[in-house]
Amino acid sequence: MSDLQRILSNNKAAEELLESLKQELKEIKNEQVQRKIAVLQAENETLRRQVDSCLKKLVSLEVAHGKVQIPVPTPDAVRAGCGAATVKMEAAQPPVTNETPKEAAPAKQQQQNENKPPKEKKPKKEKPAGEAKPAGGAPAVEEPPIDVGRLDMRVGRIVEVSRHPDADSLYVEKIDCGEPTGPRTVISGLVKYVPIEEMQNRMVVALCNLKPAKMRGILSEAMVMCASTPERVEILAPPEGAVPGDLVHVEGFPRVPDTVMNPKKKIFETVAPDLKTNGELVACYKNGTFTVPGKGAVKAQTLKNVQVK
């Protein structure tokens, strides 16, 4: 046999072997696929039965609790064109007991009630006229009138003062008003009118219930009350013997200050035009003078009949 014939023979044998191996591999794959399909079908059937069982339990519970069941078309009914399949459910029956109704009990109870003597009605105690509740409930608390009594003015002492870092015309003061929270920070435009040496340790009257506001980045918590003209400004002086925390009253106007005056009500703006010094340098609101009870009047140094602000 020549070399060519031997090569052709080997090639043919190799092709036959390869074809045989392909066929065996195909059969093995088909067998494995069929096994996998069988396993999946078995699992699917098991799951379907579990779902059907759970669905039946759910429907039974819903029917037992009075839940109305809505007909749902089944796949077979849809394919057959028969419309919706009605789900037939039996209403849960109440449990049957072996006890017989006791018909004699109500009659016996009624007879016992008839034999009992009637109870005497106790006379109701009449409430005194003064104890009757008002028909409209508690009367609403009226808001005090807008006058100087709404202003919370107190004696204070400037314990620290410095120039405002961002405004040449402003002082930054720490004022002790006798409060447990410590001194208040106050911004005042007094640089042009009062030397800084005269500010330190000075006794003042502070308006303490203005809404705190920032002035050039620093929060001001009160206002120093002053007698003022366009050319001159003088800080109002409390009477001798006054100490930080003393309350300033105005004669004829009860002191009922707001905790913080609401800017929308414009209380200070309404009161301010009537804040003035009189001919004796005493600070006044209309005809009432500023006083610290038991210690004296609040005064300006030299400015008479001028605005206080």
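A cavity is here a set of grid points, on a 1 Å grid over the protein atoms alone, where a 1.4 Å probe fits but cannot get out, and its volume is the space filled by probe spheres set on the points. In the predicted model described here, the count comes to one cavity of 30 Å³ or more, and about 30 Å³ of space lies in the largest cavity. The residues lining the largest cavity are Val148, Gly149, Leu151, Val248, His249, Val250, Phe253 and Arg255.

Of these lining residues, Phe253 also takes part in the one aromatic pair that a search of the whole structure finds. Phe253 and Tyr285 are arranged edge-to-face, with 4.9 Å from centre to centre and 75 degrees between the planes; the arrangement is so classed because the angle between the planes is over 60 degrees. The pair links distant parts of the chain, since Phe253 belongs to the loop between β10 (249-250) and α5 (267-271), whereas Tyr285 belongs to strand β12 (residues 283-285), 32 residues apart. Both Phe253 and Tyr285 are buried.

Two further residues of the cavity lining, His249 and Val250, are touched by Thr289, which, when residues up to four places away in sequence are not counted, also contacts Glu251, Asn278, Val282, Ala283 and Cys284. Thr289 is found in strand β13 (residues 288-292), and it counts as buried because its relative accessibility is 17%, under the 20% limit. Thr302, by contrast, lies in the loop between β14 (296-297) and β15 (307-308) and counts as partly exposed, because its relative accessibility is 44%, a value between the limits of 20% and 50%. Not counting residues up to four places away in sequence, Thr302 touches Arg232, Glu234 and Leu281. The C-alpha atoms of Thr302 and Val233, which stand 69 residues apart along the chain, are separated by 10.0 Å.

The largest pocket has a volume of about 560 Å³. Its lining is made up of 25 residues, of which Ile187, Leu210, Ala222, Met223 and Phe268 are the closest to its centre. The elements that give two or more residues to this lining are the strands β3 (184-188), β5 (213-215), β7 (223-224) and β8 (226-228), together with α5. The largest share of the lining, three residues, comes from α5.

Over the chain as a whole, five helices and 15 strands are assigned. Of the 309 residues of the protein chain, 27% count as buried, and the chain exposes about 22800 Å², of which carbon and sulfur atoms supply 55%. Among contacts in the protein chain with a separation of 6 or more, 65% are accounted for by residues 24 or more positions apart.

A search of the whole structure finds zero disulfides.

Conventions:
Residues numbered from 1 in each chain as written. Predicted model: local features only at pLDDT ≥ 70, side-chain atom pairs only at ≥ 80, totals over all residues. Heavy atoms only, no water. Phe/Tyr/Trp six-rings, centres within 6.5 Å; stacked < 30°, edge-to-face > 60°. Helix = DSSP H or I, 4+ residues; strand = E, 2+ residues; numbered from the N terminus. Buried < 20%, exposed > 50% of the residue type's maximum accessible area, 1.4 Å probe, protein only. Disulfide = S-S within 2.5 Å. Contact = heavy atoms within 4.5 Å. Areas by Shrake-Rupley, 256 points an atom, 1.4 Å probe, with all protein chains shown as cover. 1 Å grid on protein atoms, 1.4 Å probe; cavity = no way out; pocket = protein on both sides within 12 Å on 5 of 7 lines; lining within 4 Å.
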